[in-house]
Amino acid sequence: MARSLSIVCVGGGPAGLYFAISAKLRKSDSDITVIERNPAGITHGWGVGYWDDVLDNLYRNDPVSAREIQRSTGVWSGVEVHVGGKKEAYLGGYGLSMGRQRLLDILAERATDLGVDVQFQREVRDLSEVANADLIVASDGLNSRTRQLFANHWQTDVEVGRNKYLWLGAYHVFDAFTYAFEQTPAGWIWLHAYYLDAERSTCIVECSPETWEGLGFHTLGIDQSIRLLEQIFARQLRGRALINQIHNGERLPWLNFRMISNNSWYHDNVVLVGDSAHTTHFSIGSGTKLAIGDAISLATNLAEHDDLHSALKSYEQQRRPEVAAVQRNAAKSMRWLQDLANHIDQDSVQFAYALSQRFRVRQPLWRYHLHLATQIAALRRVRRTVTSARRSRHARLRERTADPPAAASRQPAPRP
Ligand SMILES: Cc1cc2nc3c(=O)[nH]c(=O)nc-3n(C[C@H](O)[C@H](O)[C@H](O)COP(=O)(O)OP(=O)(O)OC[C@H]3O[C@@H](n4cnc5c(N)ncnc54)[C@H](O)[C@@H]3O)c2cc1C
């Protein structure tokens with residue numbers, strides 16, 4: 001097994017914190033510091049949607065934090081697709097969701113219990129500040145400054161999405177994952193909305209740049225913009241308020257999605273993980289899943305290889321195929337939504353099916369028939385009952401077979 005390293009993670013998001021936990025579990029005498037620029041308990045962003053495969057992975061790696069994450073997670077059942085005033089359409093399936101802040105709190109506490117030094121409210125401006133580390137983990141997200149320092153080396157590619165999007169909360173609890181497409185005089189605008197907690201939901205608003213400008217969002221102030229969105233989506237929000245988290249500016253923080261990929265993920269003793277290495281469009285909700293997968297893989301490779309270079313090389317080789325597949329789907333999903341005007345002018349049941357298939361390979365015909373059956377309330381209820389029973393069985397099995405990774409201190413280290 002490799003010698004103990006001194007490691008600094010620049011950025012305390014899911015990637016940095018979960019890597020620190022995973023590395024400590026494998027080598028309890030490693031000296032690991034996570035540096036996060038935000039104060040403890042403060043982050044941007046709302047709910048993190050994920051699926052059972054992520055929870056399975058978390059349980060296999062660290063049942064202690066996995067149980068806490070599961071306790072803080074809500075389940076949404078089924079998908080509703082609303083297109084203007086048309087009759088709504090339904091899709092099957094279920095998903096899991098929890099607040100980003102709660103996720104980070106759980107991970108920071110677990111990391112600290114294991115002996116990681118988590119430093120909040122400290123921004124790394126230059127890598128000379130952490131030059132003593134054997135390994136620097138660039139877990140500083142989409143706009144990673146660490147990545148920018150070696151831009152020529154990574155050969156970063158950035159594809160900028162055309163649509164505008166905005167990450168908000170809402171004081172309305174959506175039981176099903178909800179897509180709501182509304183037509184305005186300036187064009188279509190839509191919500192991706194899902195459960196956040198007992199009182200609130202996550203709402204991502206998306207539209208073309210033409211619609212965005214046509215509705216005046218480039219000139220409207222924050223409160224006016226929120227009121228306008230509440231009017232547009234009043235039906236789905238049941239008249240309840242949207243919540244904006246970021247108030248430092250005159251306008252709402254609309255963004256264009258940026259798909260990041262890198263030709264190389266490590267350079268000397270600096271390695272990219274999570275969003276600094278790759279991003280995936282929010283419409284497929286897989287960024288946190290990939291960040292956690294990176295974290296586990298990097299920690300495992302560091303524990304299994306005697307020299308740093310081999311560990312980093314093996315990490316990159318292991319992670320690339322999964323990341324590439326998810327990014328391909330994310331790109332298809334992003335482009336499909338950018339091309340919405342060419343899909344939406346059809347019967348809502350057909351449209352919902354096309355939406356569900358937007359990044360999938362051709363499906364067998366029975367799936368389409370299942371979709372048609374799902375539009376019938378009684379059959380939809382049957383489908384939900386079957387899905388829910390399957391989910392519960394899966395959860396029980398996962399809990400029974402949970403086993404922490406080899407070696408490593410399973411007990412929390414004493415607090416200093
Ligand atoms: C609208 C939207 C919706 C999304 N929905 C989902 C979803 O439903 N499911 C899902 O799985 N993913 C979702 N994602 C993606 C997910 O948020 C990211 O993929 C995930 O957070 C990546 O984790 P990370 O740790 O790599 O980066 P981040 O979460 O961005 O964390 C990076 C951290 O580094 C800190 N930092 C940055 N620079 C410095 C510095 N110089 N010094 C110190 N600290 C620094 C930041 O403050 C931040 O806390 C969504 C993203 C968006 C934009």
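## A surface pair and the model

Glu123 counts as partly exposed, at 28% relative accessibility. Here buried means under 20% relative accessible area, exposed over 50%, and partly exposed in between (1.4 Å probe, protein chains only). Arg125 is exposed, at 55%. The two residues form a salt bridge, with their closest N and O atoms 3.7 Å apart. A salt bridge needs a side-chain nitrogen of Lys or Arg within 4 Å of a carboxyl oxygen of Asp or Glu.

The model is predicted, so local features need pLDDT of at least 70 and side-chain atom pairs pLDDT 80 or more, while totals for chains, interfaces and linings use all residues. Residues are numbered from 1 along each chain as its sequence is written, and side-chain values use heavy atoms, without hydrogens or water.

## Salt bridges of helix α14

The structure holds 18 salt bridges. One of them joins the side chains of Arg398 and Asp56, at 2.8 Å from N to O. Arg398 sits in helix α14 (residues 377–401) and Asp56 in helix α2, 342 residues apart, so this pair links distant parts of the chain. Helices are DSSP runs of H or I with at least four residues, and strands are E runs of at least two, numbered from the N terminus. Both partners are buried: Arg398 has a relative accessible area of 8%, and Asp56 has 15%.

Arg67 lies in helix α3 (residues 63–71) and Glu399 in α14, so the pair ties together parts 332 residues apart in sequence. Here both partners are partly exposed: Arg67 at 28% and Glu399 at 33%.

## Helix α2 in its surroundings

Seven of the 10 residues of α2 are buried, so the helix is largely enclosed by the rest of the structure. The buried residues are Asp52, Val54, Leu55, Asp56, Leu58, Tyr59 and Asn61. They pack against helices α1 (14–26), α3, α10 and α14. They also pack against strands β3 (47–50) and β5 (89–99). Contact means heavy atoms within 4.5 Å.

## α2 against α10

Helix α2 (residues 52–61) and helix α10 (residues 287–304) have axes that come within 10 Å and cross at roughly 25°. That makes α2 roughly parallel to α10, a label for angles under 35 degrees. Axes are lines fitted to C-alpha atoms over the stretch in contact, and angles run from 0 to 180 degrees between N-to-C directions. The crossing is left-handed, meaning that the near helix is turned anticlockwise from the far one by less than a right angle.

From α2, the contact uses Asp53, Val54, Asn57, Leu58 and Asn61. From α10 come Lys289, Ile292 and Ile296. The contact residues divide into four nonpolar, two polar and two charged.

## Positive phi in two loops

Most residues other than glycine have a negative phi. Gln155 has a positive phi, near 55°. Gln155 is in the loop between α6 (151–154) and β8 (156–170), and counts as partly exposed at 47% relative accessibility.

Asp268 also has a positive phi, near 50°. Its place is the loop between β14 (266–267) and β15 (270–272). Asp268 is exposed, with a relative accessible area of 62%.

Technical notes: Parallel < 35°, antiparallel > 145°, perpendicular 65-115°, else oblique. Nonpolar A, V, L, I, M, F, W, Y, C, P; charged D, E, K, R; others polar.
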